[in-house]
Amino acid sequence: MDSLKLVGAICMTCKNLRIVLRYEELGYVLDVPLPDPPVVDASDEDQKAYRKHLKDNDMATCIMLASMSPKLQKQHESMDAHTIVYHLRELFDEQARSERFETSRLLFTTKMTPGTSAVQYALKMNGYIERLVVLGFVMDYELSIDLILVGLSDSYSQFVLNYRMNQISTTIHELINLLKTAEQAIKKDSKAVLVVDSSS
C-alpha cells in the first residue's frame with residue numbers, strides 16, 4: 001500500500017507540475033529534449049531560441065526538483081527537465097502498471113456479500129475507482145455506476161431494475177445516497193417479514 005501512495009503522489013505531482021509549467025509557458029521542456037548548442041555562425045534568432053530553451057529548462061527543472069522528496073531530488077539534481085520526466089516514467093510506470101492492474105482486478109471482481117451494507121460496498125467500489133484516477137486511469141462514469149450496480153447482492157435486484165428502467169442518471173455519490181435509502185427500506189421490510197413470520 002505504501003508503494004501505491006508513492007505512485008499516486010508522483011502521478012499527482014506530475015499532473016500538478018504540468019499545470020504549473022503550462023501556466024508559466026514552460027511545459028514544452030518536458031516533452032522536447034534540450035537542443036544541441038547552435039553552431040558558431042548560427043543566426044541571432046537560433047541563438048536566442050536556444051538560450052530561451054535553456055532558461056525555460058532551468059526554471060522547469062527547479063520547479064520540479066522543489067516538488068520532490070529529498071531522495072528524488074538527489075537522484076535528479078544533475079538532470080534537465082526532459083530527462084527527469086523520462087527517468088521518473090522509467091522508475092514508476094512499471095510500478096504504477098502493477099498497482100493499476102491490482103486495483104482494476106479488485107474493482108471488476110468485488111461483489112457485495114449478502115447481508116452486508118450496500119453503502120459500504122459502494123464506498124469500497126468508489127475507492128477503487130478513485131484510486132485508478134490517481135494512477136492515471138479515468139473510467140467512464142456510466143461504466144463506474146454499472147460496475148457498482150452489477151455487484152449488488154440479489155436483495156437489491158428491484159433497486160437495480162428501477163434504476164435502469166427509470167433511466168436514472170446519478171453521480172456515484174448520489175447513487176450511494178439512493179442505496180442508503182434503499183438499504184433502510186430493505187432492512188425495514190426484512191424486520192416486518194420477521195415479525196409476521198414469528199407471529200404466525
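Mentor: Let us begin with a term: a helix here is a DSSP run of H or I with at least four residues, and helices are numbered from the N terminus. Please also keep in mind that this is a predicted model.

Trainee: Which helix does H76 lie in?
Mentor: H76 belongs to helix 4, which covers residues 70–76.

Trainee: And is H76 buried or exposed?
Mentor: H76 is buried, because its relative accessibility is 0% and buried means under 20%.

Trainee: What does the side chain of H76 reach?
Mentor: It reaches the backbone oxygen of L72, at 2.7 Å. Leaving out residues up to four places away in sequence, H76 also touches L65, M68, I84, H87, L88 and L91.

Trainee: Changing topic, how do helix 3 and helix 5 cross?
Mentor: The axes of helix 3 (residues 44–66) and helix 5 (residues 81–109) come within 8 Å and cross at roughly 40°. The two helices are therefore oblique to each other.

Trainee: Which residues make that contact?
Mentor: Helix 3 contributes N57, A60, T61, M64 and L65, while helix 5 contributes A81, H82, I84 and V85. By class, six are nonpolar, three are polar and none is charged.

Trainee: Now the largest nonpolar core: which residues touch the most other members?
Mentor: They are I148, L152, F159 and L179, in a core of 25 residues. Helix 6 gives the largest share, eight residues.

Trainee: What is L152 in contact with?
Mentor: Apart from neighbours within four places in sequence, L152 contacts M112, A118, Y121, F159, V160 and L179. A second, separate core has 14 residues, including L21, V29, L65 and V85.

Notes. Residues are numbered from 1 along each chain as its sequence is written. This is a predicted model: local features need pLDDT of at least 70, side-chain atom pairs count only at pLDDT 80 or more; totals for chains, interfaces and linings use all residues. Side-chain values use heavy atoms; hydrogens and water are left out. A nonpolar core is a set of buried Ala, Val, Leu, Ile, Met, Phe, Trp, Tyr and Cys residues joined through side-chain atoms within 4.5 Å. Buried means under 20% relative accessible area, exposed over 50%, partly exposed in between (1.4 Å probe, protein chains only). Contact means heavy atoms within 4.5 Å. Axes are lines fitted to C-alpha atoms, for helices over the stretch in contact, and angles run from 0 to 180 degrees between N-to-C directions. Angles under 35 degrees count as roughly parallel, over 145 as roughly antiparallel, 65 to 115 as roughly perpendicular and the rest as oblique. Ala, Val, Leu, Ile, Met, Phe, Trp, Tyr, Cys and Pro count as nonpolar, Asp, Glu, Lys and Arg as charged, and the others, Gly among them, as polar. A polar contact is a pair of N or O atoms within 3.5 Å; within protein, one must be able to donate a hydrogen and the other to accept it, and residues adjacent in sequence count only if both atoms are side-chain atoms.
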